[in-house]
Number of protein chains: 4
Amino acid sequence: MASKALAIIAGVGPGTGASIARKFAKSYSVVVLARNPDNYDAVVQEINSNGGQAIGISADVSDSRSVNAAFDKIQAQYPSSKVAAAVFNPGGGLVVKPFLELTEEDYSTALGSQAHGAFNFAQRAIPLLLQARESSEHPPTLIFTGATASIKGSAKFAAFASSKFALRALAQSLAREFGPQGVHVSHTILDGVIDIPRTKSWVFEHEDAKLSPDAIADSYWYLHTQPRTTFAFELDLRPYIEKW
Amino acid sequence: MASKALAIIAGVGPGTGASIARKFAKSYSVVVLARNPDNYDAVVQEINSNGGQAIGISADVSDSRSVNAAFDKIQAQYPSSKVAAAVFNPGGGLVVKPFLELTEEDYSTALGSQAHGAFNFAQRAIPLLLQARESSEHPPTLIFTGATASIKGSAKFAAFASSKFALRALAQSLAREFGPQGVHVSHTILDGVIDIPRTKSWVFEHEDAKLSPDAIADSYWYLHTQPRTTFAFELDLRPYIEKW
Amino acid sequence: MASKALAIIAGVGPGTGASIARKFAKSYSVVVLARNPDNYDAVVQEINSNGGQAIGISADVSDSRSVNAAFDKIQAQYPSSKVAAAVFNPGGGLVVKPFLELTEEDYSTALGSQAHGAFNFAQRAIPLLLQARESSEHPPTLIFTGATASIKGSAKFAAFASSKFALRALAQSLAREFGPQGVHVSHTILDGVIDIPRTKSWVFEHEDAKLSPDAIADSYWYLHTQPRTTFAFELDLRPYIEKW
Amino acid sequence: MASKALAIIAGVGPGTGASIARKFAKSYSVVVLARNPDNYDAVVQEINSNGGQAIGISADVSDSRSVNAAFDKIQAQYPSSKVAAAVFNPGGGLVVKPFLELTEEDYSTALGSQAHGAFNFAQRAIPLLLQARESSEHPPTLIFTGATASIKGSAKFAAFASSKFALRALAQSLAREFGPQGVHVSHTILDGVIDIPRTKSWVFEHEDAKLSPDAIADSYWYLHTQPRTTFAFELDLRPYIEKW
């Protein structure tokens with residue numbers, strides 16, 4: 001029996017990452033990565049309880065050794081599984097400060113998480129995605145999560161915007177290099193507050209003013225299922241009442 | 001019995017428009033508009049033969065009277081139907097010429113089709129979409145078809161790029177005005193050759209080097225089904241081997 | 001004696017156009033175009049009184065016959081003068097209205113002024129600029145004036161944004177076609193309120209919160225003087241306190 | 001006697017940086033920074049020989065201690081001088097490789113030079129520019145040098161594009177924070193090959209197909225002299241025959 005294909009999702013907490021994991025778990029074995037197992041334990045257990053397959057691996061995307069160890073574990077555990085999808089979704093690096101109060105560490109942390117992290121993740125994910133081309137139902141897919149700060153460097157967002165712009169550049173470059181090789185690389189722009197536990201208390205005038213993690217996950221799945229004749233690179237998502 | 005909701009699609013020939021009509025006909029009664037009935041007769045007949053509902057109305061989008069007459073007909077024929085989706089997809093205006101050989105008529109034709117046409121279409125479609133908000137399963141949706149020329153004014157594309165830039169501006173403005181009112185306005189960038197009868201003879205190095213009209217239609221349907229918490233405005237679609 | 005080179009400036013009122021005329025009149029004979037002679041009479045007289053050379057011609061840029069008549073007059077009056085610079089700066093078409101209150105005429109007026117107007121102007125100016133390549137001190141230059149609405153379609157700006165996006169597309173296309181032929185085509189984005197008689201009464205928290213027409217004119221002159229090894233296409237100008 | 005104001009230019013080799021130093025030395029004492037004194041010795045000597053004032057300081061912009069030491073030296077040597085302009089122009093980080101051959105070090109080097117380097121430089125330059133507001137003839141100015149890779153992530157440019165996108169984000173964020181405080185922050189996009197010793201042997205069909213370092217320097221000076229009512233943020237510069 002052929003083993004189920006894998007989806008690897010980096011950056012899984014109780015919000016978007018968990019929704020993506022649930023969505024992709026309907027078709028694939030999922031591997032979720034986060035620094036702190038507390039972030040993924042609940043969703044891993046939930047998926048396994050509901051008849052899906054999921055494992056969590058603790059990893060710090062900003063550290064290439066940690067990323068390499070995680071991928072080594074994945075390959076040891078699933079020696080014959082193909083990687084159908086990889087999603088880079090870590091949230092780190094968002095700090096909002098006047099520039100002269102921003103520390104070198106703030107800046108390094110943002111770039112470490114979003115730029116170096118994406119580099120480390122893509123270095124290991126892409127060879128696996130290339131191997132999956134023949135066997136995959138859908139073109140193997142690599143999706144990067146962006147934000148408003150991916151296309152606008154607002155005042156006091158110097159660190160986060162630098163890191164999200166860098167991530168978008170990486171995504172573009174990979175799309176242009178690996179698209180023609182049959183790997184679908186996409187980048188999303190999540191332009192609004194996401195409805196996650198951390199933002200539950202943020203009240204807006206309209207009740208449904210926040211991005212739905214499940215709807216975001218649907219979008220990622222939609223991107224994944226596009227045929228290679230018709231790849232989307234970039235998708236901007238925002239609540240209907242968002243100013244932009 | 002409640003009447004089926006409507007999808008109105010302007011710019012239907014044997015390619016993208018027909019695929020969109022087929023896709024939306026799975027859920028809605030479709031009304032297709034084109035200047036020449038030859039362009040839509042086949043798909044209208046096909047939909048009706050397959051158990052769907054479709055009518056075609058001859059209309060020139062660049063002429064507001066023609067657009068008004070078409071919408072008057074739609075409302076007369078479907079007095080109790082709500083309009084769940086409207087798609088603006090006319091292909092007119094593509095002329096590639098050195099600027100000094102471009103005629104005033106070339107330029108007017110392009111703007112007439114893409115800019116005035118979209119204006120005329122939106123003026124009539126939006127009030128109907130607003131009326132459909134309560135009854136629609138998905139947020140009422142207005143989608144405009146763009147092209148590479150929507151974001152890049154290439155040499156010799158002065159007329160087409162002017163018209164496609166104008167269309168994109170209109171789409172942005174409508175998204176910002178009517179999104180908060182619950183109407184989902186989107187714009188797509190079709191960045192590549194579409195696989196339609198007219199391009200059948202265009203041979204590329206790779207067999208699947210052209211955008212699939214059916215996959216484009218799937219994308220439009222996907223946009224239509226997004227919840228209002230999580231609207232995409234812009235989606236760029238291109239074949240995997242496209243240079244961009 | 002060789003006759004002085006010409007600068008032709010369309011869209012001259014008491015603000016930016018007049019400042020551009022004054023600036024270019026230091027080196028060239030200037031021809032200013034506006035629908036209403038009241039708009040240019042003062043600056044024409046001022047330039048001539050100060051030892052410069054200027055004439056005004058009444059022209060409606062949105063009407064190709066009117067533009068052709070104006071250029072015929074220019075060529076009759078200055079049969080041996082080369083056209084060193086042409087600036088397209090008409091202000092028409094700015095209307096801010098909810099989309100459903102916007103009339104077809106509002107939309108046509110905006111496109112007529114900004115898109116068709118620029119087309120008409122460029123059709124006549126470019127052959128003259130091409131002829132001036134050998135004799136010009138600086139590469140012959142064609143500059144189009146844009147606005148915030150050239151890159152953002154805000155709510156209620158559907159007409160103006162459509163027209164300004166179209167104008168930018170035209171400028172890009174011309175830059176890509178005629179740059180390699182030695183004509184410098186540029187586009188500016190004036191992102192803020194301009195300090196002109198009409199806006200004198202608009203008071204902001206900061207005294208110098210408005211774009212200076214003279215400083216804009218300096219920028220246009222700077223663009224004009226760039227060597228062809230180092231052409232700028234786009235320049236965004238805004239007051240220091242502007243939000244963007 | 002009041003001491004001359006300073007211009008601090010980071011990233012000075014025999015090309016653009018040297019031209020900028022020469023240009024700004026006509027009005028200011030210049031301090032040039034580069035890792036290797038071989039890069040700046042010639043231009044420093046040339047400026048001093050021609051009646052200007054220049055010093056060079058060896059500094060590695062990617063290392064905050066090195067940047068801090070350099071600025072400490074500047075302040076020790078010119079205790080009463082105001083900093084009228086600061087230019088960030090280091091060239092490091094350009095590596096063109098298939099992504100899977102790109103090393104972590106390649107990626108870190110690019111971000112170190114362009115992103116961390118700009119962060120380190122701006123952290124020290126901005127307080128000095130803020131202090132110069134009252135005494136400066138022109139608004140104190142901070143200019144960052146970008147490239148094609150600042151707005152396009154091409155295949156095989158993952159490292160350089162990431163770093164240049166990050167730099168642009170930083171520049172935008174600083175412009176939005178410090179513009180309203182009276183400091184002019186700009187970003188240039190040098191879209192083409194620059195005519196420097198290293199590219200002398202690159203022959204194109206057209207003789208003047210390369211960006212002129214002196215013309216680039218003129219552009220930087222032009223940006224510096226803009227009044228605060230009329231700041232440009234971004235300027236794209238390319239040879240007339242460049243494809244874009």
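## Around I74(D)

Contact here means heavy atoms within 4.5 Å. With that in hand, let's start with one residue of this predicted model: I74(D), which sits in helix α3 of chain D, a helix covering residues 64-77.

Set aside the neighbours within four places in sequence, and I74(D) is in contact with L6(D), I8(D), V31(D) and I57(D). It's a buried residue, as its relative accessible area is 1% and buried means under 20%. As for G56(D), it lies 18 residues from I74(D) in sequence, and their C-alpha atoms are 9.9 Å apart in space.

## How chains A and B match up

Now for a pair of chains. Turn chain B by 180°, shift it 0.0 Å along the axis, and it can be laid on chain A with an RMSD of 0.0 Å. That's how a two-fold axis relates two copies. The same surface serves both copies, too: 100% of the contact residues of chain B recur in chain A.

Which residue of chain B comes closest to the rotation axis? That's L235(B), with its C-alpha at 2.7 Å.

## The second largest pocket

Next, a look at a pocket.

Sorted by class, the lining of the second largest pocket has 12 nonpolar, 6 charged and 3 polar residues.

How values were computed:
Residues numbered from 1 in each chain as written. Chains lettered and ligands numbered in written order. Predicted model: local features only at pLDDT ≥ 70, side-chain atom pairs only at ≥ 80, totals over all residues. Heavy atoms only, no water. Helix = DSSP H or I, 4+ residues; strand = E, 2+ residues; numbered from the N terminus. Buried < 20%, exposed > 50% of the residue type's maximum accessible area, 1.4 Å probe, protein only. Least-squares fit on C-alpha atoms with pLDDT ≥ 70 in both. Nonpolar A, V, L, I, M, F, W, Y, C, P; charged D, E, K, R; others polar.
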